[in-house]
Amino acid sequence: MLTVVSADVDATAGVGAVWMVWRPRSPRTCEHIAVLEWYEEQWRYVGGGCGSGDDPVNVDVLDVRNGGGVRSLTRSNVPPRSITAAPWISCVKVRLGRDVGQVLIGARRIENPEQCKLIAVWTSPCISRKARPVIVALGRDGAELSRIGPHDSLDSHTWARLREDS
């Protein structure tokens, strides 16, 4: 059995990602992320990865993990025809708390799906491929609940809780 957990398309950048799970709820669960690119009026698979399924995670507000990326293969054919000039396509799996209404991925606004899990995709120059956009979790009223910066490992809500506990 194959289940699509989440799919994201950044229409402006012409990229997409799909998070799929084979054999959900099985001890042999396997996840796959497919990265796609819109080129010459069609979607093209440009890469992805697979691995064992993640353990269920209870998220208070925001959790970002398991990012990946691939160099744009189709855009390397566009003048100046240099693989080094081609953009980097990146994605991450995002888990959200029940109180989150929307998430901002850079300037894009995405509704929190019912399962509170989504995949987010974007492009960046190859030289800054390890930097993700700022990701912000917004409450149902639009107020900011938490954020995680391009190089952060923990979101601001988790940092605040850790400071309170110490």
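## The four-stranded sheet

Two strands count as paired if DSSP finds at least two bridges between them. In this predicted model, four strands form an open sheet in the order β1-β2-β3-β4, and their pairing is antiparallel. The edge strands are β1 and β4, each of which pairs on one side only. From one strand to the next, the twist averages 15°.

Strands of a sheet pair through backbone hydrogen bonds, in either a parallel or an antiparallel way. Here, strand β2 (residues 15-22) and strand β3 (residues 30-39) are joined in the antiparallel sense over eight bridges. W19 stands opposite I33 in β3.

W43 belongs to strand β4, which covers residues 42-52. The relative accessible area of W43 is 39%. A residue is partly exposed when this value falls between the limits for buried (under 20%) and exposed (over 50%), so W43 counts as partly exposed.

The model has seven salt bridges. One of them joins the side chains of R108 and D8, with an N to O distance of 2.6 Å. R108 lies in strand β8 (residues 108-111) and D8 in strand β1 (residues 2-10), so this pair ties together parts that are 100 residues apart in sequence. D8 is buried, at a relative accessible area of 8%. D8 and R108 also belong to a network of salt bridges that includes D10.

The side chains of D60 and R161 meet in another salt bridge, at 3.4 Å from N to O. D60 is in the loop between β4 and β5 (62-71), while R161 is in helix α1 (residues 156-165); the pair therefore ties together parts that are 101 residues apart in sequence. D60 is partly exposed, with a relative accessible area of 44%, and R161 is partly exposed at 40%.

## A salt bridge between R65 and D63

R65 and D63 meet through their side chains in a salt bridge of 2.8 Å, N to O. D63, at 17%, is buried, because buried means under 20% relative accessible area.

Terms used
Residues numbered from 1 in each chain as written. Predicted model: local features only at pLDDT ≥ 70, side-chain atom pairs only at ≥ 80, totals over all residues. Heavy atoms only, no water. Helix = DSSP H or I, 4+ residues; strand = E, 2+ residues; numbered from the N terminus. Buried < 20%, exposed > 50% of the residue type's maximum accessible area, 1.4 Å probe, protein only. Salt bridge = Lys/Arg side-chain N within 4 Å of Asp/Glu carboxyl O. Axes fitted to C-alpha atoms, helices over the stretch in contact; angles between N-to-C directions.
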